[in-house]
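Here is a short report for a reader new to this structure. Take a look at the sequence and the model, then read on.

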Number of protein chains: 2
Amino acid sequence: MRRSEFCQFMSTPFDTLHAKLTRAHYISSVGGLLGWDEQVNLPPKSSDIRAEQMSLLAELAHEASSDPAIGSALKELEAGFDALDFDQQVIVREARRDYDRVTKLPAEFVMEKARLSSAAYHAWTEAKPANNFVGFAPYLEKHVELAKREAAYMGWGDRPYDYAISQFDPGFSAEKIDALFGELKEGLVPLVQKINASPVQAKKSLLKGFSIENQRKFLEEVTAALGFDYERGRIDVSPHPFCSGSGADVRMTTRFDADDPLSSLFGSIHETGHGLYEQGLPQADHATPLGQHAGMGMHESQSRMWENQVGRSREFWQRFEPRYRELFPEQLAGFSSEDLYLAINAVEPTFIRVEADEIHYNLHIILRFELEKRLLSGDLAVVDLPQAWGDLCEELLGRRPANDTEGVLQDVHWSGGMFGYFPSYCLGNMIAAQNWAAVQTALPGVVDDFKQGDFSRLLAWLRTNVHTQGRRYPALELVKRVTGEPLSPKRLLDYLEDRYGALYCG
Amino acid sequence: MRRSEFCQFMSTPFDTLHAKLTRAHYISSVGGLLGWDEQVNLPPKSSDIRAEQMSLLAELAHEASSDPAIGSALKELEAGFDALDFDQQVIVREARRDYDRVTKLPAEFVMEKARLSSAAYHAWTEAKPANNFVGFAPYLEKHVELAKREAAYMGWGDRPYDYAISQFDPGFSAEKIDALFGELKEGLVPLVQKINASPVQAKKSLLKGFSIENQRKFLEEVTAALGFDYERGRIDVSPHPFCSGSGADVRMTTRFDADDPLSSLFGSIHETGHGLYEQGLPQADHATPLGQHAGMGMHESQSRMWENQVGRSREFWQRFEPRYRELFPEQLAGFSSEDLYLAINAVEPTFIRVEADEIHYNLHIILRFELEKRLLSGDLAVVDLPQAWGDLCEELLGRRPANDTEGVLQDVHWSGGMFGYFPSYCLGNMIAAQNWAAVQTALPGVVDDFKQGDFSRLLAWLRTNVHTQGRRYPALELVKRVTGEPLSPKRLLDYLEDRYGALYCG
């Protein structure tokens, strides 16, 4: 949809809204670039000026996105909502959500939360290696309190966790996620037991000495083959991999380890999934909600499908194994094709979420969801968190971590008060599997394309059904429209059983 | 000088001025980073979003630097000017200059010039390879007209070229430069004739096959040894080398050519000179004129001294030649130490300014200065420019270029209406040579330090005498304070005679 379809004159409220959203979008995109540059390029002693620049850009972005002209335009447009066309209604509805979020919170509250997050992050970086939960607990307590106050400001005072979730995945609630995760857990536990009892063992740790230069070459070939457009994006190195920017300029990052080549490769395929989504969102509408993603669960479903369903498939490796061996002949000499495939699909329990395989990963998320829910409802005090973490870990993973470094202190999220984000990862797995099942029906034999390194039919399907939809539909509705079924963990369980049951207990 | 020395209360006009200048500085520094990123990182098809971002940042920077609160604060401070301390006076005086420049020009004029520059740049990129001066002339005519209008807006209606010069080098005028360049030309002509008649010939073009990886290694070692602080800066690759950012985060660029290793090396030493100046400006005052550079001539004097007086010296190469040979043993096998030194100090006439050696370079600048002066005074019509270029070229360099591609169309500057910038390059050479002579007197034997790769005494001298002075003194005054002599071309002529006379006719 082009802007000219909306209006014939320069001064309609819709024009005003569009111009103001565009301005806010570009300012915020500059802030994003500063953040990318900080991770990728910033000289070590230049962080002071960057902090000043970023704080100034945050202020300018807040000014732009809370511009009263947006509020007036929205009011006028909402009064004549039924007369708007569908895409206009989407923009007005979603712009209202965004506008309320930036205007309903008092400036002092926003500053208090920013200050707390900065102090809490610092405390966390010290507490984690020192296994010192007590040193971090006061910050976490304060964050829990602020999360409740934030929900109250926004009119969700009785449901703080639902509000937290809705920030990242509008339309979801703790209750809905509870039902989904409950069913998922029930299916996962027997599968995990079965695999853990299997004599099959991956030799992943024997992959050593992979030169960074050739790793880089391989992952650039792979990600370009998947469809990432390097003329509108790039990949660089940063301490923690991420994907930033919008479709017009997508910046992914990775990190390399000569003795852990699969981590960088699959991390990059994962970020490529995020990048393909961004590059596929409606180009002309990046500045309005119409051209923006449908929530973090949906975003994660894109990265997970490319990483797992595609990147870890036998068909994918039929195409890329020869090239991999060409680049790393000696390193792979002792590995049969089956060894390699098994290493790529290694399943082994770990206490660390970011190192978990795609089966266990879901259990790590269920654990965090459960604890966040209790924390924000007041059922669990921060002081009791380590004990509760250990108990749940034992229940879900079969063992307790020896310390809080490997337990409750392992993730950065809570130091920023980011409650409600963890569920997106697991919702993403479910959506990915459900979309994947729909793709198999819609495009029979599409996985065979992968053997020739051809991913175009899959990408075109995602473009049509997911990417170009932007934020037209809340994720739950979009999933139903795309797959014909309400979101459920069934397809994820089927997929995991198919791939891993066969591999480990076949 | 720290901000707290200025004021005891939050609400003095000086505080307001300081806060507003700081805000404008940080916004403009973000614009600078966007420009750096565009040259170094931007994916080829992402230029649309970058154009939007940069235009928005330009608008925000203009808003910030023309904030009426700056004007009111300046008025109040100017009313009590004599009661201010010296540094405060510097800030008020220089902030007034900057404020007038951004507020006296009507917004429509600024936009007209920006639009013309964009169109003229495009026309120039087509006209230059096609040797089509006629296609570029209308844009240049319009630029001449705008330059005159700009000077009139600023109150310099009768001296448009003086205004143009003062934008880059406050305190200089066409008349002053005329006198300096006249004396310089008189001294250069016999030196050039002597060298051109010499049988000594540099074998520069035989330096071939220098791997990019080792070139990068060598230039990083060299620039770090010179004193560039890589913890507050970096070097990357871009199509045209430049140095951007401020002392808190200096970003230099270079470009590599396996068959022209000296160009990248000396280009990088040149940019390092700019970078050392920026890193040496008063750290706490980057946001005000006190912590900013004293004009383009002074900036260029820093880059030129490090590039030429230091980087092309025998003493420098006594330290670095062994390492250079270690990295490029085969490539340098046929070169004696004297061959290498001669290649580094090759003198040969060329029509192209950016390829010129440090003797001829001055003649290229004198030519451009002369033509700009005539263009802006109305003595020369744009249509007659190619003829005038050829005549002057014959007079100064002894030959006419065969076409406009190698002549009047070679430089990008005029497509952006940048009249008055060229002289800075040659003034920089003069200042560099005069400072260099003063250093020899102040620090006897300082060049012998270079044999051990020690540049710290030289850098400390520049820090004390030039860098930490910021914009306290106009360049002409600063030169006199530092060297005890008014600016003159004598030291430059002596230096060129010493180095090149000995080498070519010794």
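## Strand β2 of chain B

This is a predicted model. Start with β2(B). B:C243 and B:G245 point one way from this strand. B:S244 and B:S246 point the other way. Are these residues buried or exposed? All four, B:C243, B:S244, B:G245 and B:S246, are buried. In a regular strand, side chains alternate between the two faces of the sheet.

## The hairpin

β2(B) and β3(B) form a hairpin, and two residues lie between them. Strand β3 of chain B covers residues 249–254. Its pairing with β2(B) is antiparallel and runs over four bridges. Within this pair, B:S246 stands opposite B:D249 of β3(B).

## The sheet and its helix

Strands of a sheet pair through backbone hydrogen bonds, either parallel or antiparallel.

## Where the chains meet

Chain B also touches chain A. The contact takes 27 residues from chain B and 27 residues from chain A. On the chain B side, the elements that give two or more residues are α1 (13–40), α2 (47–65) and β1 (233–237). Which element gives the most? It is α1(B), with eight residues. By class, the chain B side has 13 nonpolar, five polar and nine charged residues.

## How the copies are related

Two copies of a chain are related by a rotation about an axis and a shift along it. Here a rotation of 180° superposes chain B on chain A, with 0.0 Å of shift along the axis. The RMSD is 0.0 Å. The two copies are thus related as by a two-fold rotation axis. The same surface serves both copies. Of the contact residues of chain B, 100% recur in chain A.

How values were computed:
Residues are numbered from 1 along each chain as its sequence is written. Chains are lettered from A and ligands numbered from 1 in the order in which they are written. This is a predicted model: local features need pLDDT of at least 70, side-chain atom pairs count only at pLDDT 80 or more; totals for chains, interfaces and linings use all residues. Two residues are in contact if their C-beta atoms, placed from the backbone, lie within 7 Å. Ala, Val, Leu, Ile, Met, Phe, Trp, Tyr, Cys and Pro count as nonpolar, Asp, Glu, Lys and Arg as charged, and the others, Gly among them, as polar. Copies are superposed by least squares on the C-alpha atoms of residues with pLDDT of at least 70 in both. Two strands pair if DSSP finds at least two bridges between them. A residue is buried if 20 or more other C-beta atoms lie within 10 Å of its own, exposed if 12 or fewer, and partly exposed in between; C-beta atoms are placed from the backbone.
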